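Hi,

Here is the structure I promised to pass on. Have a look first, then read my notes below.

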Amino acid sequence: MSEKDKGKASAQTKHIPKDAQVIMSIMKEVGIADYEPRVVNQLLEFTYRYVTSILDDARVFANHSKKKAIDLDDVRLAVQVQVDKSFTNPPPREVLLEVARVKNVTPLPLIKPHCGLRLPPDRYCLSSCNYRLKPATKKVVPKPIPSNPTIKTITSKPPGTQNVVVKRPQGAIVNVTSKAVNVVPKPVLKFSSGSKVVAKPAVRVTAGPSAHPVKMEVDEVSQKRKREDDDYDM
Amino acid sequence: MGDKSTPLLAVLQLLRKYNLKGTEDILRKEANLGDVEYENLDLPEVELANILTAHHTESDPYSYEFAYDSLKKFVENSLDVYKYELSTLLYPVFVHMYLILILYDHNEHAIKILEKFGPEQDEYYQDDLKRLCAVKNKDQVKGNELAEIYSSNKFQVQLSRDASTQLKRYLHEQKSSPIIINIIKNHIQIDVCDGPGRSHAQVKSTLGGLLGEASRNENRTKVYYGLLKEPDLQILPAQIEDEEEAEETPDKPKKKKAKKDNIFMKKPKSDPNAPPNDRIPLPDLKENDKVEKGKALREAAKRVQLGPECLPSICFYTLLNSGHTAICADICDDSTLLAVGFNNSTIKVWTLTTVRLRGMKSADKLQDIDREAGDVLVRMMEEKDRETCRTLFGHSGPVYKVSFDPFKTMLLSCSEDSTIRLWSLQCWTCIVVYRGHVWPVWDTRWSPHGHYFASGGHDRIARLWATDHHQPLRIFAGHLSDIDCIQFHPNSNYIATGSSDRTVRLWDCLTGTQVRIMTGHRSTPFTLAFSACGRWLASGGGAGEIQIWDLSSGLPSAAIPPASNSPIHALAFSRDGTILASGSLDSTIKLWDFAIISDENINEENGNAAPTQKEDKFLLRSYATKNSPIKSLHFTRRNLLLAVGSYDGSV
């Protein structure tokens with residue numbers, strides 16, 4: 001019985017291709033004893049992909065220098081080009097020390113008093129309003145949408161699968177530095193239209209399966225945007 | 001070609017450096033090196049070999065083995081007083097011998113040396129040796145990180161004066177084969193210090209760093225490890241004059257005034273070791289924060305005094321069904337919120353009390369609230385929108401660390417996608433993305449006073465950020481390998497980092513310079529914790545050992561050997577600094593008596609005392625969970641210990 005098992009096992013190992021055996025021996029040499037069998041496949045795939053791309057690049061270089069066959073130098077050049085792209089290493093220690101020396105000379109900036117949330121300038125924050133795309137025409141819409149979402153009104157709570165981006169004005173945090181109240185500043189966006197935003201603040205921008213053409217109402221949005229910009233510049 | 005061109009190119013470079021154009025041209029012509037700098041062409045070997053061999057001591061590979069053997073014998077035969085210090089020389093000499101042989105293409109000899117002397121080295125160097133022996137010939141040296149570190153930096157060895165004279169005498173005798181002399185001259189930095197030779201225990205305590213021990217000079221800067229003077233939080237109603245930082249307390253019934261006085265009116269004696277309050281700019285406390293602080297102080301007064309007789313109770317939060325997806329956990333300072341980072345790039349925040357997590361009101365509702373009201377911060381939250389758990393989306397890689405700010409308004413997270421994100425705990429969205437690290441960020445922490453935070457990652461530097469700058473304020477460079485853990489000192493003036501080069505370094509936030517380097521870990525430190533008084537730093541490593549460092553000198557005060565081989569990922573000091581709790585991946589929490597360690601060290605103020613190592617003296621209790629490796633430990637304000645771990649049901 002055990003011999004049959006052993007025979008089966010050896011037959012199975014014979015079925016493992018030579019390359020996989022090479023990978024397994026590499027793992028053993030490096031000292032990894034415990035790994036899932038899929039790892040060997042993943043490493044094999046990676047090896048094949050890497051080597052073929054290198055050799056492809058080397059072939060291109062060899063052709064460029066009008067050589068018949070790929071040369072060691074071609075391969076070296078290909079490796080160099082590839083390595084710089086994909087396997088970057090952190091900069092060497094001297095570079096880091098130099099950068100640090102330059103950076104650490106400036107004194108620590110003073111902290112502005114009486115701010116709400118201290119945040120970087122608005123263009124570095126994620127605190128602006130989200131936009132919402134208005135679908136172009138009703139008949140192009142392939143998916144059933146319960147309500148016709150426009151910027152103006154929302155009559156019902158849209159389900160999760162909507163292809164529009166909901167405005168989240170309440171999520172926006174504006175750095176209001178004028179007030180002396182030491183609280184988190186409230187967004188000061190004004191809405192002329194009676195737009196009721198129904199979605200919860202945690203709703204994120206949903207790109208949605210919007211294959212159909214969606215016409216963005218540029219004018220209205222840009223108008224609104226400008227007004228909001230004014231508020232931001234305060 | 002081969003080993004002849006390397007010294008030639010070096011000579012060429014030297015000539016170029018000294019602007020000896022004529023000589024260089026002649027050399028080029030003779031050596032047929034051509035115009036291109038690093039091109040290898042055929043060289044007339046014979047003459048050059050003759051010229052170079054006279055200075056070319058490296059060309060005799062057989063003598064290396066013999067040289068190492070004789071060095072070993074010398075070390076073993078020397079007096080006990082010197083033996084242990086001199087034995088620290090063996091490893092760097094061995095490594096550099098190997099590298100030199102590889103560099104000059106004597107690969108077979110290199111392999112022979114590796115096989116013969118490799119297993120004799122200390123076990124914490126075995127991992128390094130394994131990485132090093134991947135280098136089998138000259139071309140591979142450049143790609144191997146460890147080989148590059150060794151060839152470009154000097155290994156530090158500390159010797160007492162007598163030991164160094166002994167060594168000099170031995171080397172003098174060995175003048176015929178200058179191999180070791182050359183290695184020591186070029187690659188090893190010997191730090192000679194006065195005083196008697198160190199004992200075995202003393203030497204062993206600081207071994208383990210990737211590049212040897214720290215030199216005395218590096219640990220000489222004065223470190224202000226005291227705590228900042230806390231601002232006074234009370235005006236007596238009778239007093240109308242303002243003290244510099246006196247503020248109002250929330251109204252309380254008059255009969256409690258006496259008790260309040262005790263808590264708030266304790267003026268601490270000025271600590272000579274404390275930094276001045278304005279050494280680095282710190283944010284002022286807002287009214288709301290002062291209320292919170294008052295609350296915190298009141299709770300602190302009610303806390304349980306811990307000690308060997310009175311151990312803390314432990315409340316363990318187990319994450320179920322998280323399998324291998326939960327990576328990190330953090331509990332906020334007043335112990336009401338728990339955040340967990342997952343490897344699918346989400347973060348979940350739970351509330352640990354009955355108070356639910358509320359979202360903010362919508363814009364139009366916010367316009368109607370009264371902004372001048374006292375409780376506007378409560379009014380701006382939406383009553384109907386309450387949940388016990390909130391999920392934060394935004395990262396594009398596993399989240400490696402989450403950290404609450406001391407005022408419970410924001411959450412920081414760092415991830416493998418090399419960004420650090422700031423989340424608002426009122427709108428439950430991401431507000432800022434801090435980009436700068438190009439490689440995974442392994443750890444990020446808030447400063448205990450808010451406003452600043454620090455991060456460390458794979459790029460071997462730590463950065464100090466402020467929330468209102470999109471670029472870091474300080475860059476702490478100096479580690480040789482990635483930074484695995486980072487922690488702020490309680491006075492926010494210093495940052496400690498632990499790295500894969502097995503050192504723990506302390507950096508000054510004001511100047512950005514390294515003020516302490518502490519070696520002694522046998523493996524990468526994974527977690528750091530400062531004691532409540534600020535003088536001691538505890539670090540837990542990947543082999544399960546805990547080191548306690550005294551920041552005033554940079555020397556280890558205690559080393560707790562590992563109970564099992566599993567890494568320690570959580571360390572926490574109790575709020576009064578008497579108990580140190582450690583949680584490791586073997587699912588146990590251990591409590592250590594820290595009062596003994598601190599007392600012992602205060603009594604033995606004169607340095608050079610051997611760090612205490614008896615584990616039984618310190619270990620108070622060990623608690624084992626069923627199968628939940630500990631991810632995080634947190635002492636509440638009343639000294640209750642909270643622990644977070646995820647149940648590993650697969651085993």
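One thing I looked at was a helix pair, whose crossing is right-handed: α4(B) with α11(B) (a crossing is right-handed if the near helix is turned clockwise from the far one by less than a right angle, left-handed if anticlockwise). Before going on: this is a predicted model, so local features need pLDDT of at least 70 and side-chain atom pairs count only at pLDDT 80 or more, while totals for chains, interfaces and linings use all residues. Residues are numbered from 1 along each chain as its sequence is written, chains are lettered from A and ligands numbered from 1 in the order in which they are written, and side-chain values use heavy atoms, with hydrogens and water left out.

Back to the helices. The axes of α4 (residues 62–77) and α11 (residues 161–173), both in chain B, come within 12 Å and cross at roughly 145°. Axes here are lines fitted to C-alpha atoms, for helices over the stretch in contact, with angles running from 0 to 180 degrees between N-to-C directions. On the α4(B) side, A67(B), S70(B), L71(B) and F74(B) meet Q166(B), L167(B) and Y170(B) of α11(B), where contact means heavy atoms within 4.5 Å. Sorted by class, that contact has 5 nonpolar, 2 polar and no charged residues (Ala, Val, Leu, Ile, Met, Phe, Trp, Tyr, Cys and Pro count as nonpolar, Asp, Glu, Lys and Arg as charged, the others, Gly among them, as polar).

Chain B as a whole has 19 helices and 31 strands, taken as DSSP runs numbered from the N terminus (helices H or I, at least four residues; strands E, at least two). Of its 651 residues, 54% count as buried, meaning under 20% relative accessible area, with exposed over 50% and partly exposed in between (1.4 Å probe, protein chains only).

Now the cores, each a set of buried Ala, Val, Leu, Ile, Met, Phe, Trp, Tyr and Cys residues joined through side-chain atoms within 4.5 Å. In the largest nonpolar core, which has 52 residues, M97(B) and Y150(B) touch the most other members. Helix α6 (residues 90–103) of chain B gives this core its largest share, 11 residues. Not counting residues up to four places away in sequence, M97(B) touches Y64(B), A67(B), Y68(B), I113(B), I180(B) and I183(B). There is also a second, separate core of 18 residues, and I111(A), L228(B), F476(B) and I486(B) are among them.

A477(B) sits in strand β17 (residues 474–477) of chain B. So is A477(B) buried or exposed? It counts as buried, because its relative accessibility is 9%. Beyond four places in sequence, A477(B) is in contact with L96(A), L97(A), A100(A), I461(B) and W507(B).

Last, a sheet. In chain B, 4 strands form an open antiparallel sheet in the order β18-β19-β20-β21 (two strands pair if DSSP finds at least two bridges between them). β18 (483–488) and β21 (514–519) of chain B are at the edges with a single partner strand each, so one side of each is left without a neighbour in the sheet. β18(B) is joined to β19 (residues 494–499) of chain B by 5 bridges, and F488(B) stands opposite I495(B) in β19(B).

Cheers
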